[in-house]
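Keep your viewer open and your selection tool ready. We will walk from one stop to the next, and at each one you will hear what to select and what is there.

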Amino acid sequence: MLVDSHCHLDFNDFEDDFEEMLARAKEKGVTAMLNAGNNIGELSHQLEISEKYPFIYTAVGVHPHNAHEYPNITAEDFIRPAQRYKKIVAIGECGLDYYYDYSPKEAQIYVFKEQVKAAQETGLPLIIHNRSSDEDMIAILKEAYKERAFNGVIHCFSSSRKLADFALSIGFYLSASGIITFNKSNDIREIFAEVPLDKILVETDAPYLAPVPVRGRRNESSFVCYTAEKLAQVKNISFEELARITSDNFYRLFRKASDKGRYEF
């Protein structure tokens, strides 16, 4: 029993073999998936998928790469659909990315803060993207959390121990992606070795970041088993226990998701 807590099933990468991809995931024990929102303009397509498949959930958000496209967006633009559609279980994927800098920093910060407000208002968790922006990320989350508590996950965690410690201090979860299997990811594995078991998730971030031993291929939800295997080794527990714990964590964080859906796969 595994949950792919973060993937992008609405991307064109899966157009040709979507049903076959789902079948492979089922064979590997994947019982649910969260199709993270990248662009609120594509929300209708995300909802079409999640409404068709009981075990696929979705989120509403704007990725930092797309922030420049939404200079006037407000928290209410995320709150309305989040309250209307039951398959929307989170706000995001949102955050900061100073590595690629596809959107100006000011635009990224503005759009991110509006999504934080949406999470505070709806009570839904934030799905956070962070790359090369640890200091601003900590500052924004700290300021907002003082005003009103909220929860969330740093998805595809590959940042500093400082950010990990801060995120855990406010109750956030950390999600392991295929990066944890890469040869040069010792620092990330060391961080995850110290993360409490009740605060970890596993994900693919498909179609990106396929784990070893399938690195270089298009990633898909069935490959989350390889990330889970590596994380189980890091945590020195069995694969079965890791799968159970991360699945339970998923439903604890994304409370709007029903674990009954996984039995309808």
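Select Leu209 first: with a relative accessible area of 30%, Leu209 is partly exposed, where buried means under 20% relative accessible area, exposed over 50% and partly exposed in between, using a 1.4 Å probe and protein chains only. Its phi is near 60 degrees, a positive value in a residue other than glycine. Leu209 sits in the loop between β8 (200–202) and α8; helices (H or I, at least four residues) and strands (E, at least two) are DSSP runs, numbered from the N terminus.

Before you click on, a word about the model: it is predicted, so local features need pLDDT of at least 70 and side-chain atom pairs count only at pLDDT 80 or more, while totals for chains, interfaces and linings use all residues. Residues are numbered from 1 along each chain as its sequence is written, and side-chain values use heavy atoms, with hydrogens and water left out.

The peptide bond from Val212 to Pro213 is cis, with omega near 20 degrees. Another cis peptide bond joins Gly92 and Glu93, with omega about 15 degrees; Glu93 belongs to strand β4.

Now go to Cys156, in the loop between β6 (152–154) and α6. Cys156 is not a glycine, yet its phi is positive, at about 50 degrees. Is Cys156 buried or exposed? Its relative accessible area is 11%, so Cys156 is buried.

**The largest pocket**

Next, select His63, Asp97, His129, Arg131 and Asp205. Of the 19 residues that line the largest pocket, these lie nearest its centre. On a 1 Å grid over the protein atoms alone, a pocket is an open set of points with protein on both sides within 12 Å along at least five of seven lines, whereas a cavity is a set of points where a 1.4 Å probe fits but cannot get out; lining residues have an atom within 4 Å of a point. The space in this pocket is about 470 Å³, a volume being the space filled by probe spheres set on the grid points, which are joined across faces, edges and corners.

Colour β4 (88–97) and β5 (126–131), the elements that give two or more residues to the lining of the largest pocket. Which of them gives the most? That is β5, with three residues. By class, this lining has six nonpolar, nine polar and four charged residues. Here Ala, Val, Leu, Ile, Met, Phe, Trp, Tyr, Cys and Pro count as nonpolar, Asp, Glu, Lys and Arg as charged, and the others, Gly among them, as polar.

**The second largest pocket**

The second largest pocket has a volume of about 200 Å³. Select Leu9, Phe18, His45, Glu48 and Ile49, the closest to its centre of the 13 residues that line it. The elements giving two or more residues to this lining are α1 (18–27) and α2 (43–52), and α2 has the largest share, with four residues. The lining divides into six nonpolar, two polar and five charged residues.

**An enclosed space**

How many cavities of 30 Å³ or more does a search of the whole structure find? The search finds one, and the largest cavity has a volume of about 30 Å³. Among the residues in its lining are Ser5, Leu34, Ile127, Glu203 and Phe254.

**Helices and their neighbours**

Show helix α7 (residues 186–194) and helix α8 (residues 224–235): their axes come within 9 Å and cross at roughly 65 degrees. Axes are lines fitted to C-alpha atoms, for helices over the stretch in contact, and angles run from 0 to 180 degrees between N-to-C directions. In this pair, Arg189, Phe192, Ala193 and Glu194 in α7 meet Lys230, Leu231, Val234 and Lys235 in α8, contact meaning heavy atoms within 4.5 Å.

Arg161, in helix α6 (residues 161–169), touches Glu190, Ile191 and Glu194, not counting residues up to four places away in sequence. At 34% relative accessibility, Arg161 is partly exposed.

Finish at Leu141 in helix α5 (residues 134–147), which is buried at 1% relative accessibility. Leaving aside neighbours within four places in sequence, Leu141 is in contact with Phe112, Ile128, Phe150 and Phe166. The C-alpha atoms of Leu141 and Lys113 are 8.8 Å apart, although 28 residues separate them along the chain.
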